[in-house]
Amino acid sequence: MLVPCPWCGEREEGEFKYGGAAGIAYPALPEAASDTEWARYLFHRPNPKGPFKERWYHSAGCRRWFTVTRDTVTHRINP
Amino acid sequence: MRLASGGRIDRGRRLNFSFDGRTLEGYAGDTLASALLANDVRVVTRSITHGRPRGIFSAGIEEPNALIQVGAEPMLRATQVELLDNLRATGLTGRGRAVVADDGARFDKRYAHCEVLVVGGGSHGIAAAVSAARSGDRVILMDEQNEMGGRSLAERSPTPTASILASLTSFAEVQLLSRTTAFGLYDHNLALAAERRPDGQRLWQVRAKRVVLATGAHERPLVFANNDRPGVMLAGAVRTYLNRYAVIPGRRAVVFTNNDSTDRLVADLRAVGIEIAALIDARDGKVVSDTEGDERGITGVIVGGQRIDCDLLCVSGGFNPTVHLFSQAGGRLRYDQRLTGFIPDDGPPDVEVVGRAAGDLEISVEPSWLVPAVNGDYSNHFIDLERDVTVADLRRALGTGMRSVEHVKRYTTIGTGSDQGKTAGVNEAAIIGMLTGQPVGGVGTTTYRPPYVPVSFSLMAGRNRGDLFDPVRVTAIHSWHVARAAHFENVGQWKRPWYFPRGDETIEAAVLRECRAAREGVGVMDVSTLGKIDIQGPDALTFINRLYTNAFDTLVVGMCRYGLLCRADGMVFDDGVVMHLAENHYLATTTTGGAAAVLDWFEEWLQTEWTDLRVRCTSVTDHWAALAVVGPRSRDVIARLFPELAVDTHAFSFLAVREGETRGIPVRLHRITFSGELAYELWTPNWYGLALWELIMEAGKPLEITPYGTEAMHVLRAEKGYIIVGQETDGTVTPHDLGMSWIVSKKKDFVGKRSLRRPDTSRADRRQLVGLLPLDHGERLPEGAQLTLEPRNEPPVEMVGHVTSSYRSAALERTFALAMLKAGRDRIGQTVYVPLGDRIAAATVTEPIFWDRENVRRDS
């Protein structure tokens with residue numbers, strides 16, 4: 001795949017590390033979370049067929065994290 | 001037999017070659033297959049399962065029979081191998097022979113980018129390339145043959161392409177690649193192709209804005225009894241041999257077809273005087289129901305119960321557009337009634353299919369999938385010649401209740417040969433449809449996956465082998481280690497001295513000696529490979545406090561502290577020492593192997609969670625050489641090197657950091673230890689590394705300072721119960737499991753803290769770090785060995801832990817080990833067992849510390 005880095009432009013997938021689903025924030029008050037809520041934060045991730053907001057890290061380039069929307073069927077990526 | 005004239009061979013260049021030990025002759029421009037046919041070699045191999053004689057079946061990449069080996073290269077197709085002088089080939093029965101010796105072939109890689117990649121150098125491909133080139137695009141046109149022209153090369157008078165190709169080469173941005181087979185088309189138009197070169201192969205990785213697939217079509221065989229004999233050939237292939245190579249594969253031909261593409265074959269055969277014994281056209285209701293033959297191949301066909309003599313049977317069952325690359329790229333196929341084949345339907349953007357590959361064929365064809373067996377026996381109706389799969393095999397699979405082509409494929413192995421069933425796939429789908437009452441389109445094809453043709457591991461590796469397999473990192477002192485004949489071990493990409501043998505000393509003797517020196521005198525170790533991350537900014541302390549399990553608020557400038565990192569799930573991730581160098585300036589060391597992952601981890605938190613923190617992290621691993629001077633006499637060495645520095649333990653205490661200089665070399669000294677002994681870590685800019693090392697050796701000479709490697713380091717730290725992340729831990733181990741609750745802050749939050757009171761991580765029966773003392777003092781338990789509570793070697797027996805580190809100790813004068821043991825801390829003093837196949841060892845469980853429990857030596 002070609003991954004569109006917002007800083008470097010489209011680059012080969014091999015330059016990046018995959019960061020999984022985007023928008024899963026580290027809970028503000030971890031100690032206030034129940035065991036179930038905490039387990040959900042740690043282990044539950046969406047895995048949709050179709051558009052998917054996900055994180056990438058340009059590890060062999062500018063070393064910046066960013067988010068894109070990738071269609072998990074066609075691999076079409078929108079910044 | 002070779003015709004006296006014609007063809008695209010160079011009759012002025014005769015070539016000698018051998019096949020299965022026979023010396024034969026051909027011409028430049030021949031393939032091995034055309035040369036074999038010219039020499040009347042009919043039987044090339046035997047089939048893989050039934051051992052039936054097989055001959056050349058096609059003239060191209062779809063060849064299912066003529067598998068050969070040339071030198072070290074196995075599983076080539078005779079139809080794809082260009083004839084060379086002194087080529088030595090042997091036939092293969094379904095599998096090749098791996099040759100270990102280097103055959104001198106060179107493999108290389110090229111990366112390329114273009115606006116338009118055209119795959120297939122036939123008329124449609126050339127036209128696409130010309131139009132793209134005229135618009136100023138960068139164009140790559142690749143074709144698997146030794147010359148461009150495609151199907152036209154099989155005509156009696158090929159369309160002249162020389163002038164068009166010449167005009168193409170006049171464009172600076174056009175590249176023509178013949179002998180280059182595109183075998184994979186991946187996401188976002190990345191094409192992989194193998195180019196055959198005189199001395200080896202080249203892997204092309206081409207990223208194209210637009211891909212034009214002009215890959216043509218493969219002819220389909222017909223399925224009838226004994227349709228696999230030598231002399232049964234695809235009709236189009238016979239035309240290719242006739243017109244392109246001036247070879248006639250037989251003298252008396254029968255043509256069996258279900259379409260009008262064979263009309264030109266009949267005309268061409270007649271033109272060179274080949275007798276056509278019969279033209280059997282399924283559209284007229286006539287079929288070849290069976291063939292007769294001997295060890296050399298076909299001798300006749302049965303039509304309507306009558307025998308007709310022949311030595312060549314040309315078959316055509318229609319055409320399959322070559323949709324492999326389109327399909328690999330995610331394109332969908334649909335069944336086309338008119339063509340009786342699968343053609344491209346919905347495809348990815350920027351992939352265009354043209355010509356016969358798109359189903360653009362002028363052909364009148366009637367489906368004729370299976371000629372019924374006269375006696376009901378389908379065991380010689382071959383569908384997949386390479387895998388020897390027959391209609392009887394298909395019926396057996398369907399008889400078990402299978403309906404999907406994917407299941408039938410896995411059960412019968414149809415389509416799984418090195419030809420990937422190019423001549424078998426559509427017939428398979430159609431016959432499954434016939435036998436199960438489904439339309440062909442409903443049965444569908446199996447999934448097309450890369451590679452389109454077999455590719456060698458050597459091609460994938462290219463030059464990334466041997467010394468160039470992976471980058472090698474060495475420290476500033478490497479040349480010294482090499483000169484002292486150190487044995488090295490690989491740690492990530494680093495070469496680290498493993499031990500320094502004296503003379504013909506064994507590793508065991510060397511390590512005992514090196515350990516003794518560090519415990520009794522003074523040793524020195526190159527620890528430059530430690531990961532080093534410079535952390536600066538007004539929020540550096542907040543940042544460090546949030547990540548490490550312990551608190552750093554009380555760490556004053558000029559001191560350092562050991563720290564532990566967990567992932568959010570509470571599992572130990574890395575460890576190291578954090579130095580407080582100046583206000584808002586820290587430096588964290590990491591494990592040698594974990595340096596990159598820790599920096600990535602830091603960046604992830606800074607960039608995605610704590611964007612308000614003003615902190616910058618920089619890798620400085622390669623900036624510093626780091627040398628550990630270790631042992632009770634290490635202070636003497638330091639005092640000699642730094643006469644200005646107060647080195648007594650009150651002035652320069654454990655975990656203190658000092659700046660110094662020795663003979664003009666700037667040095668930062670840290671009193672830290674990974675052995676439990678009094679020790680100093682000396683850091684200097686990498687440039688001075690070797691000079692400082694030599695000064696240390698010189699200053700330590702009267703004390704017989706001993707260089708030691710990673711093996712002695714491992715023993716020393718294990719005696720002291722210090723963990724190695726990745727050895728004692730494996731991503732499922734918490735700080736509490738390691739008995740390191742002392743480093744887990746109760747006051748502040750840190751990443752992973754909440755996880756440490758999850759029901760699972762707070763279980764009392766988790767595996768915990770313990771020491772093991774084998775009852776036999778000479779028994780060195782294998783690392784990774786399982787632990788049991790009962791002395792049983794036979795299953796079932798519960799495995800309650802495993803050995804993580806195990807050594808022979810000079811200081812203890814015996815062997816010892818560290819282990820992760822279920823509820824281990826409750827079992828201290830008990831005996832556990834270690835099943836070792838033919839015997840069972842026993843060991844006493846101990847605290848995971850064997851040396852200087854009170855830290856007297858460390859703090860002295």
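Which residue's side chain meets that of E659(B) in a salt bridge? I looked this up and found R668(B), at 3.2 Å from N to O. I take a salt bridge to be a side-chain nitrogen of Lys or Arg within 4 Å of a carboxyl oxygen of Asp or Glu. E659(B) is exposed at 57% relative accessibility, whereas R668(B) is buried at 11%. Here buried means under 20% relative accessible area, exposed over 50% and partly exposed in between, with a 1.4 Å probe and protein chains only.

Notes on the model. I am working with a predicted model, in which local features need pLDDT of at least 70 and side-chain atom pairs count only at pLDDT 80 or more, while totals for chains, interfaces and linings use all residues. Residues are numbered from 1 along each chain as its sequence is written, chains are lettered from A and ligands numbered from 1 in the order in which they are written, and side-chain values use heavy atoms, with hydrogens and water left out.

Entry on salt bridges. I searched the whole structure and got 55 salt bridges over all chains. In one of them E728(B) pairs with R717(B), the closest N and O atoms being 2.8 Å apart. E728(B) lies in the loop between α18 (710–719) and β41 (767–774) of chain B and R717(B) in helix α18, so the pair ties together parts 11 residues apart in sequence. Helices (H or I, at least four residues) and strands (E, at least two) are DSSP runs, numbered from the N terminus. Both partners are buried, E728(B) at 2% and R717(B) at 0%. I also noted R410(B) with E406(B), at 2.9 Å between the closest N and O atoms. These two are 4 residues apart in helix α8 (residues 405–412) of chain B, which means that about one helical turn separates them.

Entry on Q328(B). I found this residue in helix α6 (residues 324–328) of chain B, and Q328(B) is buried at 14% relative accessible area. Leaving out residues up to four places away in sequence, Q328(B) touches several residues, among them F183(B), L185(B) and P451(B); contact means heavy atoms within 4.5 Å.

Entry on the two chains. I counted 25 residues of chain A in contact with 26 of chain B. Between the chains there are 6 salt bridges. R754(B) and D35(A) meet in a salt bridge at 2.7 Å, N to O.
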